[in-house]
Number of protein chains: 2
Amino acid sequence: MTRSRNTDSRLSTSDLHAAVSLRLAHHDYRYTQGRRRLVEAILAAGQPVTLPDIVVAAPGLAPSSVYRNLDVLERSGVVNRITAGGDHAYFEFAEPLLSHHHHLVCVDCGSIEDVYLDDELEASVDRSLAEVAGRAGFTPLRHSLDLHGRCAGCGSG
Amino acid sequence: MTRSRNTDSRLSTSDLHAAVSLRLAHHDYRYTQGRRRLVEAILAAGQPVTLPDIVVAAPGLAPSSVYRNLDVLERSGVVNRITAGGDHAYFEFAEPLLSHHHHLVCVDCGSIEDVYLDDELEASVDRSLAEVAGRAGFTPLRHSLDLHGRCAGCGSG
DNA sequence: GATCATAATGAGAGTAAGTATCATTCGCAC
DNA sequence: GTGCGAATGATACTTACTCTCATTATGATC
């Protein structure tokens, strides 16, 4: 298990709840018990999770509510949806609740791990993307840079 | 409509068919009439397309066969599947049938446009990704660098 | 703390992208 | 031309996700 900046970049639980509450309030959403438990399930995972992951980790949560609330959290900028091609979408905290990072996506098992690149490269990427976006009349919101391959568990087969 | 290197980076139709035929043969697949028409529909689009795009453009093709054949083409390295979160997956020719590029993904309408970055930046990205992949015991196959935002048609709203 | 308007919940029905099935047809080798 | 295995395509199926709606929780106001 590689130790990444992931662990360090997390807010404390109380800070996280405060930040989430603020963002939900800004969109006129309530921070209910179910949403709090959902946020804690994602926090506890420490990596991108699918709906089944969440329901297993927090059996009291109804799948339909989890789907609905993941949508609410995404709309409020609390959570990002990662659609990497597997059966399920993955969810993780959005910036700046989790600092800017990218993903190692395993083409075999579908697992997703967070990785961090140095700021200089990120800046170059943003500059280049801004340039090509400008040419296309495209308004950038965020970029995603994922590495697809085989995770340590699945081997290089 | 922005003019990109997209148009220039395409092979001629006959070269494309030859390359596809080779790749299919290498995987013991036949290059049938239906697969040929599918390839031509993707070529004619000149950008990533969904299954409905293909079926509309080539009404003679049966959806079930198109799905199956897109799978065959993906397995043979002819086509890449892009899952960007919309309702449908997008398909386009894989490298080197189409030269290495990235995507502008519209968060409103879901459309995907190809863009090209300079080789120096690509090299830096690859170096950095190789480094973090190595630390995680991850075997890289390819990277995807997509810019999410709003396309010229959807505005900055 | 009680009341109330409104939002959230959750069980289940519904939707639709994509896959599996299988009898028929096609393509290639001989 | 014959024959065998692969490809086709209509259809049934699977399943991730969404919608519905009666019930319940939430937070503001008194």
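## The surface near DNA strand C

The residues near DNA strand C comprise 6 nonpolar, 9 polar and 6 charged. Here, near means that a residue's C-beta atom, placed from the backbone, lies within 6 Å of the strand. Ala, Val, Leu, Ile, Met, Phe, Trp, Tyr, Cys and Pro count as nonpolar, Asp, Glu, Lys and Arg as charged, and the others, Gly among them, as polar.

This is a predicted model, in which local features need pLDDT of at least 70, side-chain atom pairs count only at pLDDT 80 or more, and totals for chains, interfaces and linings use all residues. Residues are numbered from 1 along each chain as its sequence is written, while chains are lettered from A and ligands numbered from 1 in the order in which they are written.

DNA strand C has 21 residues around it. The closest are A:Gly34, A:Ala62, A:Ser64, A:Ser65 and B:Ala89. Helix H2 (33-45) and H4 of chain A, and H4 of chain B, each give at least two residues to this surface. The largest share, 4 residues, comes from H4(A). Helices (H or I, at least four residues) and strands (E, at least two) are DSSP runs, numbered from the N terminus.

Helix H4 (63-75) of chain A supplies at least two residues here, as do H2 and helix H4 (63-75) of chain B. H4(B) gives the largest share, with 4 residues.

## Helix packing in chain B

H2(B) packs against H4(B) at about 80 degrees, with the axes 10 Å apart. Axes are lines fitted to C-alpha atoms, for helices over the stretch in contact, and angles run from 0 to 180 degrees between N-to-C directions. The angle therefore makes H2(B) roughly perpendicular to H4(B). Angles under 35 degrees count as roughly parallel, over 145 as roughly antiparallel, 65 to 115 as roughly perpendicular and the rest as oblique. H2(B) brings B:Gly34, B:Arg35 and B:Leu38 to the contact, and H4(B) brings B:Ser65, B:Val66 and B:Asn69. Two residues are in contact if their C-beta atoms, placed from the backbone, lie within 7 Å.

H2(B) also meets helix H1 (residues 13-26) of chain B. Their axes come within 11 Å and cross at roughly 130 degrees. H1(B) is therefore oblique to H2(B). On the H1(B) side, the contact uses B:Thr13, B:Leu16, B:His17 and B:Val20. On the H2(B) side, it uses B:Arg36, B:Val39 and B:Leu43. This contact has 4 nonpolar, 2 polar and 1 charged residues.

## Where the two chains meet

How many residues of chain B are in contact with chain A? There are 37, and they touch 37 residues of chain A. On the chain B side, strand E4 (112-115), helix H5 (119-135) and strand E5 (139-150) each give two or more residues. E5(B) gives the most, with 12 residues. This side of chain B divides into 18 nonpolar, 12 polar and 7 charged residues.

The copies meet through the same surface, because 100% of the interface residues of chain B are also interface residues in chain A.

## How the copies are related

Chain B superposes on chain A by a rotation of 179 degrees with 0.0 Å of shift along its axis (RMSD 0.1 Å). The two copies are thus related as by a two-fold rotation axis. Copies are superposed by least squares on the C-alpha atoms of residues with pLDDT of at least 70 in both. Of the residues of chain B, B:Leu145 comes closest to the rotation axis, at 2.2 Å (C-alpha).
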